[in-house]
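Open the model in your viewer and keep the selection tool ready. This tour goes stop by stop.

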Amino acid sequence: MHGQAEPISNIARPSRATPDSQLASLQAYESAHSFWNNRLFAACRAGALTKADFQFVFSQYYLYSKNFTRFLSGLLANLDDDLLRSRLTENLWEEGGGAAPEQRHAQIFRNFLTAGLGIDVAAIQFESCARLFVDQFLANCLHASALHASAFLSLGTEGIVSRSYTIFVEGLRKAGIEEQQLEFFHLHIACDDAHAATMHDILCSFREQTDWEPQCRSSLGLSLDLRRDFFDALMNEVQRRRVDGHLQRINQKQSLLGADIRDEQLRFLPAEKQGATLYANKVDAMNIEFTADRAPFPAEVIDTRVVRIPPHKNNERHKHAHETVFYFVSGTGRVMVDDRWIAVKPGDSVFVPRWAVHQSQNLGATEMVILAITDFFLTGKAFVGDYESTARMRGAAH
Ligand SMILES: [Fe+2]
Ligand SMILES: [Fe+2]
């Protein structure tokens, strides 16, 4: 006798992953996505953004924030299930401030812009990257299947709020924004878990569809791609805006010698101490001893300094984003530039390219005085990062 035949439907059906393991796989895909390496987040973590940078970033993000209820409404219009529509309406209601519309999230964000960053909201001009991001976002919620819109908004939007806003808060704190101004972010780090749960249930209502997981992955990926590209575009703009004033003044063909600039600010004698002390360091174990003063020139690109090194001492071995020309006023010795040593005496000049490791050693019996002409006032603005920590020995005393 033959055994009882296996039902054909069982044999033919591939072993399906459970929804939980599919969700875990989608969440693993999300948390490893290149979105998390976007340059805006990297700058927030590094404390590299100033209040002015954030004024620009969040004035652009405002377009997204104030349109958020439209994204939810797009999904709402595409949902067939009336109970799920009711639950999504609850999300919308809370986003709208519930019975207190002055507490709607768009208004809380506007309050952050006004009180926290000092932005005149009415004067904001949205860049094309912000318009494109918001247009694409809305189209993906309004003109796509409910499964696509729910994966886009749940896994790819609500699900990343807490981690994303924690990174923004880190950057804002490092830029000196006061804690009480960060309500919008704290509110979402704390409360959007409930919103995410509703979105998750909407998403799982479609899980009987055979291609549920690959569709979710594709929608999630698109959402994260769009946001990564938006944030990277904002960082491009942050960098451009930092040096934009320089570019404009270069092309205006007008003297920058203002009436408020005194003659004394135009003359500098490196033999005398007449500038502001920039830094100094002394580490006996490494034979380090030097001071660096800054000339009072009202320059916007060139930063002129005087480095003084006592006999038989040297300065720190270091590197930085700015270019430097050393002119040796007094003292004899040598300069290390990456793997080369260049002998120097009074009247010599040495060029140090950007990011080349360098060090000056005074090998003689008289003080070494170096006039160092750098482009620090330009590169200091253009460099996104903690300039001081890249250029100086850690823990060095000023
Ligand atoms: Fe919100
Ligand atoms: Fe240097």
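How many nonpolar, polar and charged residues are in the lining of the largest pocket? Hold that thought while we set the ground rules. This is a predicted model, in which local features need pLDDT of at least 70, side-chain atom pairs count only at pLDDT 80 or more, and totals for chains, interfaces and linings use all residues. Residues are numbered from 1 along each chain as its sequence is written, chains are lettered from A and ligands numbered from 1 in the order in which they are written, and side-chain values use heavy atoms, with hydrogens and water left out.

**Whole protein**

Show the cartoon. The protein has 14 helices and nine strands. Helices (H or I, at least four residues) and strands (E, at least two) are DSSP runs, numbered from the N terminus. Now switch to the C-alpha trace, which spans about 105 × 65 × 35 Å along its principal axes. The radius of gyration is 29 Å, while a compact globule of 398 residues would have one near 21 Å. That radius is taken over C-alpha atoms, and the globule rule is 2.2 Å times the number of residues to the power 0.38.

**Largest pocket**

Select L278, Y279, R305, H322 and A391. Of the 23 lining residues, these are the closest to the centre of the largest pocket. Its volume is about 360 Å³. A pocket is an open set of points on a 1 Å grid over the protein atoms alone, with protein on both sides within 12 Å along at least five of seven lines; lining residues have an atom within 4 Å of a point. Grid points are joined across faces, edges and corners, and a volume is the space filled by probe spheres set on the points. Back to the opening question: the lining has ten nonpolar, eight polar and five charged residues. Ala, Val, Leu, Ile, Met, Phe, Trp, Tyr, Cys and Pro count as nonpolar, Asp, Glu, Lys and Arg as charged, and the others, Gly among them, as polar.

**First iron ion**

Select ligand 1, an iron ion. Its protein donors are E95 (OE), E95 (OE), H105 (ND1) and H188 (NE2), 2.1 to 2.6 Å away. E95 sits in helix α6 (residues 82–95) and H188 in helix α11 (residues 183–204), 93 residues apart. Donors are N, O and S atoms within 2.8 Å of the metal (3.2 Å for Na, K and Ca); water is not among the atoms, so sites may look incomplete. E95 counts as buried because its relative accessibility is 6%. H188 is buried too, at 5%. Buried means under 20% relative accessible area, exposed over 50%, and partly exposed in between (1.4 Å probe, protein chains only).

Along with Y64, F68, V161 and Y165, H188 is among the residues closest to the centre of the largest cavity. That cavity holds about 160 Å³ of space. A cavity is a set of grid points where a 1.4 Å probe fits but cannot get out.

Move to ligand 2. This iron ion is coordinated by H318 (NE2), H320 (NE2) and H358 (NE2), at 2.2 Å. H318 lies in the loop between β3 (303–309) and β4 (324–330), and H358 in strand β8 (residues 358–362). Both H318 and H358 are buried.

**Last stop**

Select H312, in the loop between β3 and β4. H312 is not a glycine, yet has a positive phi of about 65 degrees.
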